[in-house]
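Take a look at the structure first, and then walk through the points below.

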Amino acid sequence: MELFLVLVGLLLMLLGIVGSFLPIIPGPLTSWVGLLVLHYTDGVQLSQTFLIVTLLVAIFIYILDYIIPAIGTKRFGGSKSGMIGTTLGLVIGLLSPIPFGIIIGPFVGALVGEMIHRNDMEKAIKAAFGSFLGFVASTFLKFIVAIIFLGFFIAKLSEHNTNLY
């Protein structure tokens, strides 16, 4: 049972890292659930304070994930259409076979969204750039937190005092 819990926890940690890039999966929250699963294995000591603090960090990052792209878009004169375009562009970029689709998709999506909202190419490019910067910043932040949580997972697992077999 111990090995099963460790594998499930590790799978959740990896899914959390992938979730840092996918808008469908809440990356740091998924990674936190991996830490919680590890907590229920015998021999791993995770304090309640550690779990609460990491949960609060994961929730804070989850909330920031919605705020940062909006700030980037608004700061560069973007609209809600640009934000919607960014998200759609991300999904299309992920599913498309083009290289760097995850990077190109949000920018092109924001540009198309802004062009639909207002037919001014210069303002649309500026807003798309702001939306793209917000997306990159929030993705990077989620990725860093998910990697840190993976580091905690590995460190705590290395202190594991019982046999996994």
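## A first residue and the overall picture

Leu14 counts as partly exposed, because its relative accessibility is 43%; the term covers values between buried (under 20% relative accessible area) and exposed (over 50%), with a 1.4 Å probe and protein chains only. This is a predicted model, in which local features need pLDDT of at least 70 and side-chain atom pairs count only at pLDDT 80 or more, while totals for chains, interfaces and linings use all residues. Residues are numbered from 1 along each chain as its sequence is written, and side-chain values use heavy atoms, leaving out hydrogens and water.

**The chain as a whole**

- The chain has 6 helices and 0 strands, where helices (H or I, at least four residues) and strands (E, at least two) are DSSP runs numbered from the N terminus.
- Along the sequence, the pattern reads α-α-α-α-α-α.
- The C-alpha atoms fill a box of roughly 65 × 35 × 15 Å, taken along the principal axes.
- Of the 165 residues, 41% count as buried.
- The accessible surface comes to about 9,300 Å², and 76% of it belongs to carbon and sulfur atoms; such areas come from the Shrake-Rupley method with a 1.4 Å probe, and for residues only the protein chains shown count as cover.
- Contact means heavy atoms within 4.5 Å. Among contacts between residues at least 6 apart in sequence, 69% join residues at least 24 apart.

- Leu14 has its place in helix H1 (residues 2-19).
- The C-alpha atoms of Leu14 and Leu95 are separated by 19 Å, and the two residues are 81 residues apart along the chain.
- Thr30 lies in helix H2 (residues 27-39), and counts as buried because its relative accessibility is 10%.
- Which residues is Thr30 in contact with, leaving aside its neighbours within four places in sequence? They are Leu12, Leu15, Gly16 and Ile25.

**Helix H3 and its surface**

- Leu56 is found in helix H3 (residues 48-75), and is exposed because its relative accessible area is 52%.
- Leu56 belongs to a nonpolar surface patch with Ile52, Ile59, Tyr62, Ile63, Tyr66, Ile67 and Ile71, with about 760 Å² of accessible area together.
- Patches are made of residues with over 30% relative accessible area and no salt bridge; like charges are joined within 9 Å, and nonpolar side chains (Val, Leu, Ile, Met, Phe, Trp, Tyr) within 5 Å.
- Ala70 also lies in helix H3, and is partly exposed because its relative accessible area is 29%.
- Ala70 and Ser158 are 88 residues apart in sequence and 40 Å apart in space, C-alpha to C-alpha.

- Lys142 forms a salt bridge with Asp65, and the closest N and O atoms are 3.3 Å apart.
- This pair links distant parts of the chain, with Lys142 in helix H6 (residues 121-158) and Asp65 in helix H3, 77 residues apart.
- Is Lys142 buried or exposed? Lys142 counts as buried, because its relative accessibility is 7%.
- Ser138 is found in helix H6 too, and counts as buried because its relative accessibility is 3%.
- Not counting residues up to four places away in sequence, Ser138 touches Asp65, Ile68 and Pro69.
- Ser138 and Ser20 are 118 residues apart in sequence and 8.7 Å apart in space, C-alpha to C-alpha.

Terms used:
Salt bridge = Lys/Arg side-chain N within 4 Å of Asp/Glu carboxyl O.
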